[in-house]
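The sequence and structure come before the text.

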Amino acid sequence: MNFRFGPFRKPAEPMAAATGPEFRASARRGAGDTMRGRLILASACFVLVYGTIIGRLVQMGVSLPQESVTLGNAQAAVSAARPDILDRNGEILATDIKFASLYAEPRRVVDPDEATEQLATVFPDLGTDAVRQRLASKQGFLWLKREITPAQQAAVHALGIPGIGFLTENKRFYPSGRTVAFVTGHVNIDNQGIAGVEKYIDDQWLGDLQRAGMASNNFEPIKLSIDLRVQQVLHDEITAAMQRYTAKASAAVVMNVKTGEVVGMTSAPDYDPMNPAEALDPNNMNRASAAVYEMGSTFKVFATAMALDSGKVSITDSFDATRGLTIGGFTINDFHGKHRVLSVPEIFIYSSNVGTGREALKVGSQGQQEFLKRIGLMDKVPTELPEIARPILPKRWSDLVTVTVSFGHGISVSPLATAMAASAVMNGGILIPPTFFPRSEEEARLIGKRVLKQSTSEQMRYLMRLNVLAPGGSGKSADIPGYRIGGKTGTAEKVENGRYSSNKRFNAFVATFPIDDPQYLLLVVLDEPNPERPGLPATAGMNAGPTAGNIVGRIAPMLNVEPRFDDVDVPLMAAY
Amino acid sequence: MVSRAERNPVADWWFTVDKLLLIAFLALIFGGIVLSLAASPAVAERIGIADSYYFVKRQALFAIPAVITLIGVSFLNPKQIRRAALAGFVVCVILLILTLLVGPEVKGSRRWITILGMSVQPSEFMKPMFAVLVGFLLAEGQKRPDLPGRSFSLLLLGIVAALFVAQPDFGQTMLICLTWAGLFFISGMSWMWIVVFAGAGATGILSAYTLVPHVRSRIERFMNPEAGDTFQVQTAQEAFINGGWWGQGPGEGTFKRILPDSHTDFVFAVLGEEFGLILCMCLALVFAFVVLRGISHAMKENDGYVRLATTGLIMQFGLQSCINMAVNLHLMPAKGMTLPFISYGGSSLVAVALSMGMLLALTRKRPDQTRFVAPIEFSPLPSRG
């Protein structure tokens, strides 16, 4: 019995004896046992401390990704490669060019003085005290010189300075420069898209990919609907027109009416996408989509289409234009007043404000708003470019407003929106959102929605062609034999200091070709053009019209529009 | 090799020494040479020594006396250790006084003295002597209450601390104070005394904080890294992070070029960058193993002197390694303290070898070693049929 505890009994005696007389009374616990307890305590402390040290080491290991910054960040930012941007025929509009940039990691620079001196042998401008101080700092990363030549790179490499290195950067290059600047947009120094299609692809997917660190260097090129040849013609013609008519600005849009593809779009003055600072000048803005204007008489295309489509006005109707139309205390007059009763086609080709106003009144304010909404003129154009302006709409829609809006005053829309709506009038009545990427007719049919009757569209084509062919028609100046252009001018008086000015104009010409089966729509606008020679008028027929004609004459062959010189137009004329 | 059949000093040693501890020490010494390849060449280059392996070669050279000392001292028995410690203590006191009188001033303190053409840091050698003597005095004081062991140990502390402070060397002073306090605590000091000494320690730290400007600035910089220049600890931290789990590879480290004292006080960070955090953890585990094994020897020990001397030596070793690693990892304010066996330095290496040789000697198996421990709250068992 008790044999488990047996061994402890005897030794207890000598222990007590050994600890000395004064301990004998106190307890059975000798000094050795106190020591033992305290030694255990000491080991526990050491275990705790070593454990903390190992825990700290683990923490260091775990904190690895977020703390290893600087060079890695710079690398990720600069190596942001971008896909090439091509036009519809595969011509390069934007591409990446690789070059080396020189950086320093000052923390790793062993001898800032020596490093500065050595760098100065290749780049004398880096031999300054400022550079020396920056290299002596504790910074993790700094750029010394971006975009250096291969020879300079080799020279610095040969110096073998610790803490100095190269990063391969991608520099965006736009072979066509200004020609396509407003479509491609441009990038910042870190190759991030900040305008145009460049910004669009960043916003859509490229930016996310790069932030996720998954951007590769081999992107599929991105094809646009733009035709570089058309673009060059547009750029050439509107720049020339701006100079010839000493206009403040000009812009042009070419759209495929069947697919909604924007084949060309430009604006002048323009900027060089490789010098993005130029884009900051407000004068160099994209006037084709990011600016809104009172489009003037080109809006009569929509007013007439609205009147015909509503069924309240027939193409055989006539309206009284003998005198001005007085409404809401104002009197609306015609620019080239005929002072007689005019038929609907006459109202269109003589661009009668009074006649168009009466047509609009017949449809009514409600019907007009409903129509403008339907045809997309009351909203922002639904397309990919970031630079899209919202229309400026009348605050109250009185009868007076209904009349002025019918001839394009009191409502401001972008040229792109006008082109989109005019395309719907011409293509058989289908509104297709414009796109800057290739789109087939099938795809367009799926997303397009009918906004006009087919018959209205046909009547409008007739009127557009009539406007070019008929004696006294305002679109005469745009006629190019064989291409069967239909067109409508617009001369708006610009608001200056709160009132309409009689000598500042905004001129537009909307043209479509070939009129018997419209394929393309061209809109040319000129901001504040002056008479070509003193004494000549500065109406759209004198500047925007001929410019549009020149453009069609040059681009139609490129766009595979066959010229026809038979009498296809005559029956059209005979129909009325 | 050696046979249990014949009794000779080598055989006795071989069968009684703690071979695991011996292996750990040899591994640390030779590992230290390999690891010094990482940190030392950069320092040699920086201070302009033509041979970039100068420090590596010196470390390898000092390894020879270190190993001889380690094994040679471990042949002694506890009594010889005690006598050697006493003699060594007297020699060290003389050397320390000489150091103050004739030693050159380096970085604002006099710690070195040249003996026979060699620079020696007597304070490094003083530490193990002090630990053994204090252990002996406290044990004697317990065994024979008529001897004022505690007072004597306090006197020793006063002498050594005064000599260290005079250099000045606050790191070593702190270390011997902690050794003494630790031994006092383990020897069974009553809790009242513990409170008194804890209060004294706190007062000491507080007065150092208020009176000594550089102690104050170090503590403030630790508490608030933005307040001042924390270049060393920050660089050390970046070195660890840059190294990652597996390190940048030998010779691939870059922070060692800008870390002052990268071959001594901040060698741990350099190892972290070049050989990785895993190796650092292994190193910490080796130190922990040595310390815990040393303490377990002390626990099994019967003789009070051997037990306390073992504890004192192992505490010094453990504290020194902990403080060094903690400073490198920014777990405590910057304090110059070498990493035993790993940091560069001939005096430090041989002194640590001496210290651990003493430990090996004290922990050798002896016939009178076995100790019985009375169970706590032992009471005679009630008789049950």
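The structure is a predicted model. Chain A holds 20 helices and 16 strands. Of its 576 residues, 47% count as buried. Among the contacts in chain A with a separation of 6 or more, 71% join residues 24 or more positions apart.

Chain B has 13 helices and two strands. Of the 385 residues of chain B, 46% count as buried. Residues 24 or more positions apart make up 67% of the contacts in chain B with a separation of 6 or more.

## Annotated transmembrane regions of chain B

An unreviewed UniProt entry lists residues 20-39, 60-78, 84-104, 125-141, 147-166, 178-211, 275-292 and 341-362 of chain B under "transmembrane region". The annotation comes from that record.

What secondary structure does the model give residues 20-39 of chain B? The span is 100% helix and 0% strand, and its end C-alpha atoms lie 28 Å apart. Residues 125-141 of chain B are likewise 100% helix and 0% strand, with 25 Å between the end C-alpha atoms.

## Helix H5 of chain B and its partners

Helix H5 of chain B covers residues 122-143, and helix H13 of chain B covers residues 346-362. Their axes come within 8 Å and cross at roughly 15°. Because of this angle, H5(B) is roughly parallel to H13(B). The crossing of the pair is right-handed. On the H5(B) side the contact involves B:Glu124, B:Phe125, B:Lys127, B:Pro128 and B:Val132. On the H13(B) side are B:Ser347, B:Ser348, B:Ala351, B:Leu354, B:Ser355 and B:Met358. By class, six residues in the contact of H5(B) with H13(B) are nonpolar, three are polar and two are charged.

H5(B) also packs against helix H12 of chain B, residues 304-328, at an angle of about 145° and with the axes 8 Å apart. The crossing of H5(B) and H12(B) is right-handed. H5(B) contributes residues including B:Lys127, B:Pro128, B:Val132, B:Gly135, B:Phe136 and B:Lys143. H12(B) contributes B:Gly304, B:Tyr305, B:Leu308, B:Ala309, B:Thr311, B:Gly312, B:Leu313 and B:Gln316. This contact of H5(B) with H12(B) has eleven nonpolar, six polar and two charged residues. B:Lys127, B:Pro128 and B:Val132 of H5(B) take part in the contact with H13(B) and also in the contact with H12(B).

## The H6-H7 pair of chain B

How are helix H6 (residues 149-166) and helix H7 (residues 170-186) of chain B arranged? Their axes come within 9 Å and cross at roughly 170°. H6(B) and H7(B) are therefore roughly antiparallel, as angles over 145 degrees count as such. H6(B) meets its partner through B:Ser153, B:Leu157, B:Val160, B:Ala161, B:Phe164 and B:Val165. The H7(B) residues in the contact are B:Gln172, B:Thr173, B:Ile176, B:Cys177 and B:Trp180. The contact of H6(B) with H7(B) has eight nonpolar residues, three polar residues and no charged residues.

## A loop residue: B:Ser109

B:Ser109 sits in the loop between helix H4 (78-102) and strand S1 (113-115) of chain B. B:Ser109 has 14 other C-beta atoms within 10 Å, so it is partly exposed.

Which residues does B:Ser109 touch, leaving aside those up to four places away in sequence? They are B:Gln167, B:Pro168 and B:Asp169. B:Ser109 and B:Gln167 are 58 residues apart along the chain, and their C-alpha atoms are separated by 5.4 Å.

Definitions and conventions
Residues are numbered from 1 along each chain as its sequence is written. Chains are lettered from A and ligands numbered from 1 in the order in which they are written. This is a predicted model: local features need pLDDT of at least 70, side-chain atom pairs count only at pLDDT 80 or more; totals for chains, interfaces and linings use all residues. Helices (H or I, at least four residues) and strands (E, at least two) are DSSP runs, numbered from the N terminus. A residue is buried if 20 or more other C-beta atoms lie within 10 Å of its own, exposed if 12 or fewer, and partly exposed in between; C-beta atoms are placed from the backbone. Two residues are in contact if their C-beta atoms, placed from the backbone, lie within 7 Å. UniProt positions are given in the numbering used here, feature names are shortened, and annotations may be inferred rather than shown by experiment. Axes are lines fitted to C-alpha atoms, for helices over the stretch in contact, and angles run from 0 to 180 degrees between N-to-C directions. Angles under 35 degrees count as roughly parallel, over 145 as roughly antiparallel, 65 to 115 as roughly perpendicular and the rest as oblique. A crossing is left-handed if the near helix is turned anticlockwise from the far one by less than a right angle, and right-handed if clockwise. Ala, Val, Leu, Ile, Met, Phe, Trp, Tyr, Cys and Pro count as nonpolar, Asp, Glu, Lys and Arg as charged, and the others, Gly among them, as polar.
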